[in-house]
Amino acid sequence: MADVLASLADIYTTIGNLLTRLFVDVLGASPELASGIIKFLGAGLLATSVLLILVFNIWFERKVMARIQDRIGPNRVGPWGIFQTVADLAKLFTKEIIIPDGADLVPFMIAPVISVMSVVLIWAVVPFAPTLIGTDLNIGALYFVAVSSLGVVSILLAGWSSNNKYALLGAFRGVAMLVSYEVPFVLALLVPVILSGSMRMGDIVRAQSIPFLVVMPVAALIFWIASVAEVGRQPFDVIEGESEIVSGYHIEYSGFAFAMFYAAEWAHGFTVCALMTVLFLGGWRGPGAEQIPTLGIVYFLGKTFLVYFFQVWTRAILPRMRIDHILSFSWKFLVPLSLVLLVLSVLADKLGQLYIPGYAVAGSFVDLLPRTALLLVVNLIVGGLAALWVAGLGRRERRRQEAALSVASIEGRAAQQAR
Amino acid sequence: MTITPETVAFAIMSVLVLGGGLGVVSSRNLIHAALYLALTLFGVAGLFVLLEAPFLAAVQVLVYLGAIAVLVTITIMVTRRLMGITENVNRQWPVAALIAVLAAAILGFVVISQFAGVYPTQAVPPDTIERMGQSFASHQGFLLPFEVASVLLLAAMIGAIVVARD
Amino acid sequence: MIPLHLYLLVSAGLFCMGIYGVLARRNAVAILMGIELMLNAVNINLVAFWRYISPESLNGQVFAIFVFAVAAAEAAVGLALIISIYRNRETVIAEDVNILKW
C-alpha cells in the first residue's frame with residue numbers, strides 16, 4: 001500500500017519506468033532505443049497538449065472578457081458554451097485556403113508553420129514538476145529567448161508573401177514592435193538568472209524560496225509588459241488591430257493556415273504566462289511539492305491560469321496604443337529603466353554580500369529574507385523615481401500644450417484685431 | 001562509420017548547411033535567397049549543438065536568425081525595384097566559380113591530409129559557461145576584447161542610424 | 001563519433017560558396033549574404049577545432065562569440081549603407097555604383 005502511494009506521489013517517474021520496462025522487457029529493445037522512443041513520445045505529447053489546452057484557453061478568455069464587458073459570452077454550443085472553440089476550429093479547418101494572385105507560395109505556406117514552431121519549442125524547457133521537464137538545458141533561459149525570436153521571421157514572411165501592401169505595412173510594424181520589446185524582455189529576464197545564479201529553468205525554480213515577484217517586483221512588471229508586447233496582445237495589438245489595418249499580416253490567410261496563426265498567437269499568450277510563472281512566481285513550488293512531485297503540475301497550472309486571467313483582464317480593459325507610442329515607450333522608458341534597475345540591483349546585492357552579516361544568496365525562506373528586503377527596497381526606490389518622472393513628464397507635456405494654446409489664442413486675437 | 005543518432009543528425013545538419021548555402025548563391029529570387037540563408041544559419045546552429053557548444057547555438061539563433069536574417073529580408077523588401085529581366089550573376093561568374101572550386105579543392109586537400117580521422121580525446125568540462133562568463137570579466141581573461149567589442153557595437157549602431165536616416 | 005575532417009569539409013564548402021556569392025552576384029544584398037556565409041563557415045571551423053583539440057580552454061568559443069559580434073555590427077552598417085545607396089542612386093546593383101571609377 002505504501003509502495004503504491006510512493007509511486008503515485010512521483011507519478012512521472014513511475015510512468016517513465018513502466019514505459020521503459022515495457023519497451024525493454026516486453027518488446028526487447030535496447031535501453032538507448034527505449035529512452036529515445038520515450039523521449040519522442042514525450043515530445044509529441046507535450047506539443048499536442050500545448051495545442052489542446054488552447055481549446056480551453058480560448059473559451060476561458062471569451063467568457064472572462066464577456067463578463068468584464070457585462071455580457072454573457074458563448075453559451076449555445078454545449079453547457080456554458082464550452083464546445084464553442086471546437087466549433088470555431090472545425091469551421092476554420094473546413095474553409096478553403098485562398099492563395100492570393102501573385103503570392104509567393106513557399107514563404108506563404110511556411111510562415112504559419114514557423115510561427116507555431118517558435119511557440120511550441122518554448123515548452124521544451126518549462127519545468128512542470130520537480131521530475132517533469134522536457135529537457136533541463138543548462139542554457140534554458142537563453143534558449144527560449146532565441147526560439148521566440150524565430151517568430152519575427154515568420155511575420156515578415158507572411159507579410160511579404162501575401163502580395164498586399166497592408167499586409168506588408170502590418171508586418172513591418174509588427175517586426176519593429178517585436179524587435180523593440182525583445183530588449184526589455186531579455187534585460188528583465190536577466191534578473192531571475194542573476195538572482196538564482198544559473199540559466200537552467202529547474203535551478204531558477206528551485207532558487208525561489210521567496211518568489212522573485214516579491215524580491216524584484218519592478219523587474220517582474222517590466223517582464224510582464226515586454227512579454228505581452230511580444231505576443232501582440234492588447235494593449236499592444238497593432239500587429240493585428242482589426243479596426244486599423246484589417247488584421248495586418250493575417251489578411252490573406254484563411255482556413256487552416258489562418259487557424260495555425262490563430263493557434264500560435266493564443267498559445268504564445270499562454271506560453272508567456274507559463275514563463276512568467278516559472279521565472280517570477282516560483283513555478284511548481286507550493287506546499288508539499290518537493291515531497292509529492294505529482295502536485296507540482298497542479299500548482300504550476302494554477303499559477304499560470306492566474307497570470308493568464310490577469311492577461312485577459314488587461315486585454316479587456318485597456319485600449320490599443322499607437323505604434324509610435326509603443327516604440328517610444330519601449331526605447332525611451334523600458335530600456336533605460338531596466339538597465340538602471342539591473343545595475344543598481346546587482347550593485348546592492350554585491351554590497352549586501354560584502355557588508356551585511358547573515359546575507360545569503362541561496363537557501364530557505366528565512367535565509368533569503370535580508371536579500372529580499374534589500375532588493376525590494378532598491379526596486380521600490382527605482383520604481384518610485386521612474387513613476388515620479390513619468391508623472392512629471394505628463395505634467396510638463398500638459399504645461400507645454402497649454403502654453404502653446406495660450407500663445408496661439410493671443411496671436412489669434414491679435415491677428416483679428418489687426419484686421 | 002556506424003549509424004548512430006549523432007551521425008544522422010550531423011548528416012541532416014550538413015545537408016541543411018550546404019544545401020542552404022547553394023540556394024543562397026544561386027537563387028534567382030532574392031527573397032528565396034534570404035530564406036535559404038535563414039536555413040543555412042539554422043543548420044549552423046544545429047552543428048554547434050552537435051559540437052557541444054549549446055551557448056553558441058542559442059546565440060547563433062538569437063543574433064543571426066532573429067536579427068541579421070530579419071535585417072537582410074527587410075532590406076531586400078525595401079530595395080525592390082520594378083524588376084526588369086536582370087541576371088543575378090555578373091560577367092565574371094565563370095572566373096568566380098573557378099576560384100571557388102579551386103579554393104574548395106585546396107582546402108579539402110589540406111583538411112583531409114592533415115586532420116583525417118582525428119577524434120576528440122577529452123570531454124568538454126561541464127562548467128564551460130560559468131568559466132566563460134567569468135573570463136569575460138577578468139583581466140587575465142577577455143575583459144579588454146569584451147569592452148572593445150561593446151564599443152564596436154555602439155559605433156556600428158550609431159553609424160547605421162546616421163547613415164540610414166534621410 | 002564524427003571525425004574532425006568532416007566538420008572542416010562542411011566549413012570549407014560553405015566558405016567557398018560564400019566566395020562564389022561575393023564574387024559572382026550583382027545585387028549588393030546578395031554579396032552581403034555571401035559574406036555572412038563566410039563568417040558562419042569560420043565559426044564552424046573555430047568551434048570544431050575547439051571541441052576536438054582543446055575543449056578545456058575557452059579560446060575557441062570566445063573567438064566565435066567575437067566573430068558573432070563583428071558580423072552583427074558589419075551586417076548592420078552594410079545594410080544601412082545599401083539602403084542609403086538605394087535612396088540616392090535608385091539601384092542596388094553593385095556594378096552600377098561606379099561614379100568614382102576613373
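**Exercise 1: The largest cavity**

Task: describe the volume and lining of the largest cavity.

Step 1. The largest cavity holds about 240 Å³ of space. This is a predicted model, in which local features need pLDDT of at least 70, side-chain atom pairs count only at pLDDT 80 or more, and totals for chains, interfaces and linings use all residues. Residues are numbered from 1 along each chain as its sequence is written.

Step 2. A cavity is a set of points on a 1 Å grid over the protein atoms alone where a 1.4 Å probe fits but cannot get out, and lining residues have an atom within 4 Å of a point. A volume is the space filled by probe spheres set on the points, which are joined across faces, edges and corners.

Step 3. Twenty residues line the largest cavity; Ser115(A), Ile155(A), Val231(A), Tyr249(A) and His268(A) lie nearest its centre.

**Exercise 2: The contact between the chains**

Task: characterise the contact of chain B with chain A.

Step 1. With contact taken as heavy atoms within 4.5 Å, 20 residues of chain B and 18 residues of chain A take part.

Step 2. The buried area (accessible area, 1.4 Å probe, that two parts lose on being put together, summed over both) is about 1,800 Å², and carbon and sulfur atoms give 84% of it. Leu35(B), Leu62(B) and Met77(B) supply 30% of the area that chain B buries against chain A, more than any other three residues.

Definitions and conventions:
Chains lettered and ligands numbered in written order. Heavy atoms only, no water. 1 Å grid on protein atoms, 1.4 Å probe; cavity = no way out; pocket = protein on both sides within 12 Å on 5 of 7 lines; lining within 4 Å.
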